[in-house]
Structure formats: C-alpha cells, structure tokens
Amino acid sequence: MWTQVSQSLHESMARVISRIATLLPGILAFILAVLFFAAIAWALAWLVRSFLNGIRIDERLARGTNAIAEWSPTYTPTTLITRVVFWCVVLIGFLVGLEAFGASSDNVLSARLLGYIPNVVGAVVLLILGNVIARFLSRSVLISAVNMNLHYARLLSLGVKWLVLVLTAAMVLDHLSIGAAIVDLAFGILFGGIVLALALAVGLGSRDLVSRSLEREAARPGAEAVAEEQFRHF
Amino acid sequence: MAKLELAEETKAGVEEIKEADLLIAVAAPVEAEKLRTAATRAILGLGESSVGALRTVVAFPGVSGTEPVAKVEMDLDEAQTHDRLHFLPYAMPAGSPAKIPWLPTASIYQALFAMARDMGVSACAVIAPDLAALDSNFLAPMIAPVLEQRFELAMPLYALGKFDGLLNSSILAPLARSLYGRRVRFPLAPDFCFSGKMIPDMEVALQRTIAQGQSTFWPATEAAIRERGICEVHVDTHHAPAEGVDLSTVLSETVGSLFAEMTVNAPLWQRVRGSQAAITVGTPVPPTADGAGADTTPMVETFQLGFRNLQEVWSLVLPPVTLLELKRLARPSTERFHLPDELWVRIVYDFALAYRLRTLSRSHLLGALTPLYLGWVASYALEVGNASATEAEQRLEKLARAYEEGKPYLLSRWRWPDRFNP
C-alpha cells in the first residue's frame, strides 16, 4: 500500500512540476514583455517630454487659469502627459504579456481574465477621476461657503464630496459588472430616498422650521456685505 | 515682439489727427456728452499754462470692433470746441471682459498706448473708470511733472479715508514696495500719467503681460523694474464706490496678478533691498472723514469660521507656527482681536510661495486668503478705530516696513521651499 501511496504522490508531484514547467515560459514571456514595453515607455516618455519642453507647452498653458493646473495643481502639463504616455505603453506591455501567458497556458481562466482587464482599467480611471472631482468640488464649495459666511460650510462640502464619491463608487461597480442590478437599484433608492426625505422635510414636517431658518439666513447679511458698507477694499 | 496694429476705424482717426502733444486716454466706456463737457472744461480750465497750450487728443471708446456704440455717438466736427482739442473714438479691443469693472484690462491699455505711439505724444494721461479725474483738478498736477520735471511716470496720491482702499494698503502697495523697492502708495491706480519716452517700455511690458494670460497691468512695477523716474502727485480725485463685484473676486484678480508678476520677476526683486521714496508733488488734500469706529464682528466671525473650516487648506500653505498663532487669534474674543504685522506679512509671503509652487489650485488658494484678509481688516479697524487719518497712514507705513523687514523670510522660502520650516 505504501508503495502505491508513494507512487501516487510522485505522480502528482510530477504533474504539478510539469504544469509549473509549462507555465514558466508564459511567466517568462510576461516578464519579458512588461520589461520590454517599460523600456519602450521610458524612451517614448523621454521623447514626448523633450518635444513638449521644446514647444514650451507648460509656458503656453500657464497663460491664465488653465484647467489642468486648476484640477491637478502639483503636476505640470508636461509631467501629466509624459506620465499618461508612459503608463499607457506599460499597460500595453502588460496586456501583451498576459496574452503571451494565456497562449502558453491555454487556460480558460486567463482568457476570461484578459477579457476583464479593460473593465478594470476603466474602473480605475473612473475611480481616480471621481476622487479628483470630489476633492476639487468639495474644496470649492467649502471655500465659497466660508467666504459667504455660511456656518454649515463644512456640512455642504462633505455633502458634495460624498455625493460625488457615492456616484463614482456606483459607476465603478457598474463598470466592473459587480452586482449590476443591485447597485443600480440601491443607488436609485438611496438618491430617491434622500430627495424624498428632503422634500418631505421642507414640505411637511419642518416647513415652519425651514422657513424660519431661511428667513433668518436671508435677513442676516454676509460678512462681506457688512464689510463692504463700512469699508472700501479697493 | 510685434507691435499692436490698431483697428481700421481707430487707425483712420489717428491718421486724420496725425500728431499731438498730449493724449488723454479714457480707458472705460463713458457717456459722450459728459466726456465732451468734462474734457473741454478741464482743458479750457488749464488756460494758457504750458499744459493748456498743448495739442490734446481725448481718446474714448467710441466704436466697437463691429458696430458703433450708440451711446457714444459724437459728431467729431462739433466736438472741436477748442482748436487744440480733438476727440478720437477708438475701438475697444475684443476679448474677455474685465472681471473688475473699474480696472482697465491690459488689452485696452495696449490699444491706448499704440495710439499714443502713433501720434508721437509727449505725455499720456490714462483716465478710468469714470470721469472723476476730468471733473477734478487732476490733469495739470499730473502732467506737469512729466513734461517739466522729466519724470517718466506720475502716479496719483488719492486722499482716502482710513477705511478706504484697504486691499491696496494691506497687500498690494506694501508688497509691491517691498519687492521692487519703490514706495508707490497706489501701484494699481486706474488714473496715471506717463511720458512719451515710456511708451516703448510700456508696450513691451503689456505684450508680456498679455502673453502670460494676465489682464491686470502694473505701470508702477514696470517703471520701477526699468529704474524710471516715478513721482506721486496729490490729487483731489474721488471715484464713485465700486459696486457689483464681490471681495473674493477682487482679491483673487488683483493679488493673483501681483503673485503672477512676482513669479515672472523673481530674478529682479530678489536683488532689491529696502525701498526708495518716490518724489511727492503737489499739496496734500485732506482725506475724507470716516466714522470713529466700525463694526468688526462679522469679519472676525468670518475669520473664525475660516479657521474652523479651512485648516485643511491653510495647512498646505502655512507653516505650523503660523497656524498656531492663528489658533490663538481665533479664540472667541473680538475686543482683543489683534493680528500682528509680522504674522500677516508671513501669511502673504507664504501664499505667494504657494501660488508659485502650485501647492493647490490657484483659485482655491486665493479664495482661502479672503477670511485671513478680513481678519487683518478687523484687526486694523479695531486698532485705528479712534485714530485720525494721519495716524492711520502712519500705521500703514509701519505695516509696509514690516513687509520690508520680512523680505529675508520670503527670499529664504522662495529659494529653498523644501527647507524645514516649523
């Protein structure tokens, strides 16, 4: 019996090792593809940077309040464009590597994985964009509300931030095809619920309270308005 | 750089006049009839003085790029009320409208200076945003130093009350003085006068300003950089209070423009130490009377609200020690509210640095400065509440000196922004 067990173990070990051996060329091809494309990406990024510096794109775009600088203040347009070029080429290398890996392994899982990658890339882009927009809008609302002397400035800013983040999360999940119907439904219910709750609060439950609050707010001039009456700033 | 070509209608008008000695350049839309009356009275009022004997052209925005502007229709023949006085309508340059209505944009100045160049004038007086300068004793005192004393730029010294022009007094004037080393009380005055010799320099500066996407032009800064003779002239001109623009917009536009100039001129102002007083001409005009005290509570409240909500933004710009001092200041006691000059100067310098480094979006950065500015206004108003206008002016001089004394801090931060700064 021990002989049979030993033989069975040896056979399974041999199968696993041979499976790994069949995967090795694929892994090697993947690594090589990524490294090769990373080198191309680096060279291409260098070329693009040189070209953009040559045409002084930062200087040209710096005229006035350009959108790139407003939304992404810490990066110059040249840095942003070269980074986008670099990571696009690396991504292509990643896809080529995966394709090579899939061809060598003829695995159904890897084929599915390959088909899913565009969704993941789209979701990551959405997530990044959503975060940037949420941060920018929440800061804009916060600063404007403080300058208007609104005491609930922080609340407004947080509200805008989470609204954009929740919307982004729903879009990301939808893009990843994760719980598509449930996410749509939950999002619809959540937003519909918020709007309905506000409508009920203003229209029925807190009508007097809200109207008193609005009247008080309207009657109280903003700090700037009061300041303008007594002071001339320019 | 290529010089600006005037619009066809304007060019035709300039060619008809050929040459002049003095150009009175009205840089804002005005009513033609009022302009005719005010300009004629002002020129005739000069009598046979040296200025009154000059061949004068009054340029006013009379035609747009596409069609005549109805309200400024003027019969040019009728307008020659004086043999030495001509009226010349010009086309307002197309482009984005000014965000601050009372401050002419760089493209308007560009058109006016091109006219002055083509007519070969000896002096040019810019008038905006209304006709207050023509209605007051402005022209003779401003033009005389340029023509007779060989100054190249004459800036007005308005007689303001202690609570007037606070943005200018707290940031624009002292910062420009500290940077460029010339004490000009109103560096962004809408009315000023310059000699014909300055026109090429002004045109180059304007081309650079427009190429950078800026719309605000700083004549005194350009003259200071080029080491031209600047004088300040006491004038009795009072412009109507500005309306329709909120403080944040004005602050963003003017301070943002000054910060942008700082970035461009960094190699120049880093060499400047101290400041020189500009020669003052004329007799001081008594300032307008202000009320004794002012209600500072809303401004202190906005500052405190800003401290509670904008720390996340301020901490990106200001070092911890400044935030600590602001925390002390934000305690709920409006009577003892006092923002020290040194602290205010460091705040302005740190914001200028953040503008250059793009630490955060520039619109956010300048928006976040508004509560701090209102804090300074509240502190200043509490301090000079019962003081006279002269004492208030002395207080502002002390602030300007604090800017100069704080300049090493700016230089250090500007050159080594990553250095540890507790």
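Colleague: What makes up the contact of chain A with chain B?

Modeller: In this predicted model, 28 residues of chain A and 39 residues of chain B take part. A residue pair is in contact if the C-beta atoms lie within 7 Å.

Colleague: Which helices of chain A supply at least two residues each to the side that touches chain B?

Modeller: Helix 3 (67-71), helix 5 (108-147), helix 6 (153-175) and helix 9 (223-230) of chain A. Helix 5 of chain A gives the most, with eight residues.

Colleague: How do the residues on that side of chain A divide?

Modeller: Into 12 nonpolar, 10 polar and six charged.

Colleague: Why is Leu179(B) called buried?

Modeller: The cut-off is 20 or more other C-beta atoms within 10 Å. Leu179(B) has 26 such neighbours, so Leu179(B) counts as buried.

Colleague: Where is Leu179(B), and what does Leu179(B) contact?

Modeller: Leu179(B) sits in helix 7 of chain B. Leaving aside neighbours within four places in sequence, Leu179(B) is in contact with Met262(B), Trp269(B) and Val272(B).

Colleague: Which domains does the assignment give for chain B?

Modeller: Domain 1 (8-281) and domain 2 (297-415). Their C-alpha centres lie 31 Å apart. The contact takes 25 residues from domain 1 of chain B and 26 residues from domain 2 of chain B.

Colleague: What makes up the side of domain 1 of chain B that touches domain 2 of chain B?

Modeller: By class, 12 nonpolar, 11 polar and two charged residues. Helix 7 (166-180) and helix 10 (247-264) of chain B each supply at least two residues of that side.

Note on methods. Residues numbered from 1 in each chain as written. Chains lettered and ligands numbered in written order. Predicted model: local features only at pLDDT ≥ 70, side-chain atom pairs only at ≥ 80, totals over all residues. Domains from an automatic or database assignment. Contact = placed C-beta atoms within 7 Å. Helix = DSSP H or I, 4+ residues; strand = E, 2+ residues; numbered from the N terminus. Nonpolar A, V, L, I, M, F, W, Y, C, P; charged D, E, K, R; others polar. Buried ≥ 20, exposed ≤ 12 C-beta atoms within 10 Å, placed from the backbone.
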